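Have the viewer open and follow along.

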Amino acid sequence: MAKHFKQGYFTPKHPEKYLGDVTKIRYMSSWELELHKFFDGNPNVLRWASEEIAIPYYKPTDGRIHKYYPDYWVEYQTKNGDIVQELIECKPAQQTRAPRKGTKYYLYEQATLAINKAKWAAAEEWCRQRGIKFRIVTEASIFR
């Protein structure tokens with residue numbers, strides 16, 4: 001899906017909801033742009049931020065500690081009136097599952113998945129300690 005590769009800066013219609021510098025809200029794909037629009041325009045979303053939280057994680061490919069910046073932190077109100085905070089990572093579905101053996105990029109995709117899993121494990125623990133949800137969304141969940 002070539003649409004995925006769109007990049008740019010986003011100007012919110014509701015800057016008061018955004019935590020961070022509203023002049024530097026980037027999107028790295030059309031999927032992220034769609035999420036930006038959703039968070040900005042949804043009245044149930046109270047506050048949101050993009051790549052504002054740094055979570056340390058152990059990178060398995062070099063054995064060092066790095067910083068992981070999840071795509072979103074969102075605070076929203078549910079239908080029941082509960083206030084929920086959530087970290088959300090937006091990834092292509094192919095980067096969330098094991099690669100097919102024998103493909104040209106198998107080793108690269110295997111390393112990418114290992115790094116992603118390390119990031120997500122660190123994010124899940126970070127969220128667990130703070131009572132926050134963690135979710136990974138793909139193009140399948142964004143565009144249905």
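The structure holds zero disulfides, where a disulfide is a pair of cysteine sulfur atoms within 2.5 Å.

A word on the ground rules: this is a predicted model, in which local features need pLDDT of at least 70 and side-chain atom pairs count only at pLDDT 80 or more, while totals for chains, interfaces and linings use all residues. Residues are numbered from 1 along each chain as its sequence is written, and side-chain values use heavy atoms, with hydrogens and water left out.

## Aromatic pairs

How many aromatic pairs does a search of the whole structure find? The search finds seven; rings of Phe, Tyr and Trp (its six-membered ring) pair if their centres lie within 6.5 Å, and planes under 30 degrees apart count as stacked, over 60 as edge-to-face and the rest as tilted. Tyr 18 and Trp 48 form an edge-to-face pair, with 4.8 Å from centre to centre and 75 degrees between the planes. Tyr 18 sits in the loop between strand E1 (8-9) and strand E2 (26-27), and Trp 48 in strand E3 (residues 45-50), so their pair ties together parts that are 30 residues apart in sequence. Helices (H or I, at least four residues) and strands (E, at least two) are DSSP runs, numbered from the N terminus.

Trp 48 also pairs with Phe 39: the ring centres are 5.9 Å apart and the planes are at 45 degrees, so this pair is tilted. Trp 48 is buried at 0% relative accessibility, and Phe 39 is buried at 4%. Ring pairs link Phe 10, Tyr 18, Phe 38, Phe 39, Trp 48 and Tyr 72 into a cluster.

## Nonpolar cores

Which residues touch the most other members of the largest nonpolar core? They are Phe 39, Trp 48, Tyr 72 and Val 74, in a core of 17 residues. A nonpolar core here is a set of buried Ala, Val, Leu, Ile, Met, Phe, Trp, Tyr and Cys residues joined through side-chain atoms within 4.5 Å. Two or more residues of this core come from each of helix H1 (30-41), E3, E6 and strand E7 (83-90), and H1 gives the largest share, four residues.

Leaving aside neighbours within four places in sequence, Phe 39 is in contact with Lys 17, Val 45, Trp 48, Tyr 72, Val 74 and Ile 88 (contact means heavy atoms within 4.5 Å). Apart from this core lies another, of 16 residues, among them Ile 115, Ala 118, Trp 126 and Cys 127.

Arg 47 lies in strand E3 and is partly exposed, with a relative accessible area of 33%. The C-alpha atoms of Arg 47 and Tyr 76 are separated by 7.0 Å, although the residues are 29 apart along the chain. Beyond its neighbours within four places in sequence, Arg 47 is in contact with residues including Trp 73, Val 74 and Glu 75.

Glu 75 belongs to strand E6 (residues 72-77). Is Glu 75 buried or exposed? At 11% relative accessibility, Glu 75 counts as buried. The side chain of Glu 75 makes a polar contact with the side chain of Gln 85, at 3.4 Å. A polar contact is a pair of N or O atoms within 3.5 Å; within protein, one must be able to donate a hydrogen and the other to accept it, and residues adjacent in sequence count only if both atoms are side-chain atoms.

## A hairpin and a positive phi

Strand E4 (residues 55-59) and strand E5 (residues 64-68) pair in the antiparallel sense over five bridges; two strands pair if DSSP finds at least two bridges between them. Lys 59 has Arg 64 in E5 as its bridge partner. Four residues lie between the strands of this hairpin, where Gly 63 takes a positive phi near 70 degrees.

Glu 51, in the loop between E3 and E4, has a positive phi near 55 degrees. Most residues other than glycine have a negative phi.

Note on methods. Buried < 20%, exposed > 50% of the residue type's maximum accessible area, 1.4 Å probe, protein only.
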